[in-house]
Amino acid sequence: MWRPGRPAAPGYAAQCEQLTDARAAEPWLKAGSQTVQQQALRNLDQAWRNFYAGPHGRPTWRREGVHEGFRIVGAAAQRVEKLNRKWGRVLVPKVGWVKLRLSRKLPDAKSYRVTRDRAGRWHLAFAVIPEPIQAPGNGDVVGVDRGVTVSAALSTGELLSCPSPSGREQQRFKHLQRKLARAKRGSNRRGKIRAAIARFKARESDRRKNWVEHTTTDLARRFDIIALEDLRIRNMTKSARGTIEAPGRNVRRKAGLNRGILAQGWGLLVQRLEQKAPGRVEKVNPAYTSQTCSACGHVASENRENQAVFRCVACRHKANADVNAAINIERISAAGRAVDARRETAVLVSEKREPQHAPPAVA
Ligand SMILES: [Zn+2]
């Protein structure tokens, strides 16, 4: 409600006092945990700070079924136990001991967050910043190009593809969507179909995330520097629809491309890579990387035979289009250029030294 000229809006401390009064007045509020409610106010405070400080969006309302979760901090967050290899338990305030399936080692954390995803699964996430993955120290540089036909191509020639739903799964999904369209609003049946759709989507995104985790860990372990194209993914995936006065062009085509990019989880891949290998990810201007021949350097848009195949019009070099682009990305990265320079110096040095190693001339 704040506008210029009005007094400052209540901050975290003032809101905490209001919370105490509100809890005394409203039994339903008192039934909840005070720590959890205070944390929510703290989160709100942080969200406003972020909003006023820079690029963050305005805080939004939490929605039932979408933003389900809360944070536990302080002494209460320490009541976590491991029961055996598979199971642990946690004392959630006002709830009691809750068993949890351990998906990784219990960390030494000061807080945790409990969330419920759209598929109805509850998760417990501990706030820990993991150690970055150590660079192998072999000086290797890899270029990675995101593709639509494959998810990622490496300059080593490897093609990586993110698992996508099989034909049968897609059929089932379409079937569910049709059923949902026919189901009456607010009916039990509709709720069940929606839950099935949510489970389907969750399975798909779990697979995608798992693939991203495996791929990024592998890249961070194998290469010192990872060069990627500097895609403004947000701008690319923004709606091409435009306005009524100025309708966007290529709307259908762009919609297809958007689905491709988002389904392949490229944005998440870049984000996780930067977290796992901080300072070892280099972003490269992708201009012409898809049109340049990685064998002779010839640049022409005709080089691209089709979406998947690259064929150089100058030297007839034929390659997978995404791998060709990945090699170019590796070459134009600063790290790639440094490797090239080292190679050239090594050649020059060995040429200079040659006479010394040559047998002495016989007079
Ligand atoms: Zn060529």
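Predicted model: local features only at pLDDT ≥ 70, side-chain atom pairs only at ≥ 80, totals over all residues.
Residues are numbered from 1 along each chain as its sequence is written, and side-chain values use heavy atoms, with hydrogens and water left out.

Leu 180 sits in helix α4 (residues 167–182); helices (H or I, at least four residues) and strands (E, at least two) are DSSP runs, numbered from the N terminus. Setting aside residues up to four places away in sequence, Leu 180 touches Arg 190, Ile 193, Arg 194 and Ile 197, contact meaning heavy atoms within 4.5 Å. Gly 191 is 11 residues from Leu 180 along the chain, and their C-alpha atoms are separated by 9.0 Å.

Now step back to the whole protein. You'll find 10 helices and 13 strands, and buried residues make up 29% of the 363 residues. Take the contacts between residues at least 6 apart in sequence: 54% of them join residues at least 24 apart.

The largest nonpolar core has 19 residues, and Val 142, Val 144, Leu 219, Ile 226, Leu 228, Trp 266 and Leu 273 touch the most other members. Such a core is a set of buried Ala, Val, Leu, Ile, Met, Phe, Trp, Tyr and Cys residues joined through side-chain atoms within 4.5 Å. Two or more residues of this core come from each of β7 (141–146), β8 (152–154), α5 (188–222), β10 (225–229) and α8 (266–276). Another core, of 11 residues, lies apart from it, with Val 90, Val 92, Leu 102 and Val 114 among them.

Helix α3 (residues 34–53) is worth a look too. Its 20 residues reach 28 Å from first C-alpha to last, close to the 28 Å expected at 1.5 Å a residue; that expected span is 1.5 Å times one less than the number of residues. Val 36, Gln 37, Gln 39, Leu 41 and Asp 45 are buried in α3, and their cover includes α1 (12–25), α2 (27–30) and β1 (68–73).

Then there's the zinc ion. Cys 293 (SG), Cys 296 (SG), Cys 312 (SG) and Cys 315 (SG) are its protein donors, lying 2.2 to 2.3 Å away. Donors are N, O and S atoms within 2.8 Å of the metal (3.2 Å for Na, K and Ca), and water is not among the atoms, so sites may look incomplete. Angles of 106 to 113° among the four donor atoms make the site tetrahedral, a label that four donors get if all angles lie between 85 and 135 degrees. Along the chain, the donors follow the spacing C-x2-C-x15-C-x2-C. Cys 293 counts as buried because its relative accessibility is 2%, whereas Cys 296, at 42%, counts as partly exposed.

Ser 333, between α9 (321–332) and α10 (334–357), is buried, with a relative accessible area of 0%. Leaving aside neighbours within four places in sequence, Ser 333 is in contact with Val 141, Ala 227, Glu 282 and Val 284. Tyr 288, in the loop between β11 (281–284) and β12 (309–311), counts as exposed at 54% relative accessibility.

Terms used:
Buried < 20%, exposed > 50% of the residue type's maximum accessible area, 1.4 Å probe, protein only. Tetrahedral: all angles 85-135°; square planar, octahedral: opposite > 155°, others 65-115°.
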